[in-house]
Amino acid sequence: MHVTAIVPAAGGGTRVAGLVPKQYLPLAGIPLLARTLLALQASRRVDSLILVVPPGHEERCRAEILAPFGLTTDEVVPGGEDRQASVYAGLLRTSPSTDLILVHDGARPFITPPVIQAVVDAAAEAGAAVVAMPVTDTIKLARPDGWVAETPERGRLWAAQTPQVFHAGLLREAHIRAQAEGFRSTDDSALVERLGHPVRLVPGLAENLKITTTADLALADQILRARDRGTESAG
Ligand code: C5P
């Protein structure tokens, strides 16, 4: 099965302090987005890659993210004004002959080949699968005025991560329908769920965090150190 990865990395990264946009921020010397792409490249399940970057950043990404790390992508395309629009921009460039489309946030550098393999296998079978983690906090549904509306049963709650993988036709239909009906969501699974199509949950890893705030950078540093120690003791 041919798998095309779309990597939305067109966010402004404004919640991470600093003058350097988040994508280029070095994590132990390697830019965040390069780490994500290297992690995807390490998986033998990804055949094509479409990178979505902030409009105007195409050349800078080639020069600072791709070239120095020997990374190649099929396309580097400008994103849209929210994540959904950026994924859609990538979707328009996918080959009509690809079987599965894997969407993975540019801001999640710690994804591993076994988790990619598991979610691709699940999507090949079920048509749609997302990596997620059972939540450990008790989650409150809030009212707009800041009071608690409801406490959903924790045992049934999962936090969605990426990769999220879909049969190509299903994801295209989901995006086109959402676009036509003015529905916006922060993940692709929600667009597929609206079509009434079942989506499988695939257990992920806590370390597959999305680098969103400055505090996440310290966590990322700890994960990298732990990995280095693991590599040293293995070698
Ligand atoms: O907004 P959030 O932090 O959840 O973004 C998740 C991913 O979507 C990030 O990798 C970000 O770069 C990307 N994104 C995008 N286009 C936007 C906004 C976010 O590709 N307009």
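Alanine 28 lies in the loop between β2 (26-27) and β3 (30-31). Helices (H or I, at least four residues) and strands (E, at least two) are DSSP runs, numbered from the N terminus. This is a predicted model: local features need pLDDT of at least 70, side-chain atom pairs count only at pLDDT 80 or more, and totals for chains, interfaces and linings use all residues. Residues are numbered from 1 along each chain as its sequence is written, and side-chain values use heavy atoms, with hydrogens and water left out.

**Backbone exceptions**

Phi of alanine 28 is near 45 degrees, a positive value in a residue other than glycine. Alanine 28 is exposed, at 57% relative accessible area. Buried means under 20% relative accessible area, exposed over 50%, and partly exposed in between (1.4 Å probe, protein chains only). Proline 163 belongs to strand β10 (residues 158-167). The peptide bond from threonine 162 to proline 163 is cis, with omega near 10 degrees. Most residues other than glycine have a negative phi, and most peptide bonds are trans.

**Strand β1**

Strand β1 covers residues 3-8, and six of its six residues are buried. One side carries Val3, Ala5 and Val7; the other carries Thr4, Ile6 and Pro8. Two strands pair if DSSP finds at least two bridges between them. β1 runs parallel to strand β6 (residues 100-103), joined by four bridges. Isoleucine 6 has valine 103 as its bridge partner in β6. Five bridges pair β1 with strand β4 (residues 48-53), again in the parallel sense. There, proline 8 stands opposite valine 52.

**The ligand**

| Residue, backbone atom | Ligand atom | Distance |
|---|---|---|
| Alanine 9, N or O | oxygen | 3.4 Å |
| Glycine 80, polar | nitrogen | 3.0 Å |
| Aspartate 82, polar | nitrogen | 3.4 Å |

Taken alone, the ligand exposes 460 Å², and the protein buries 84% of that. These areas come from the Shrake-Rupley method with a 1.4 Å probe; for residues, only the protein chains shown count as cover.

**Histidine 104**

Histidine 104 is in the loop between β6 and α4 (113-126). Is this residue buried or exposed? Histidine 104 is buried, at 0% relative accessible area. A polar atom of its side chain lies 2.8 Å from the backbone oxygen of arginine 108.

How values were computed:
Polar contact = N/O pair within 3.5 Å; in protein donor to acceptor, adjacent residues only side chain to side chain.
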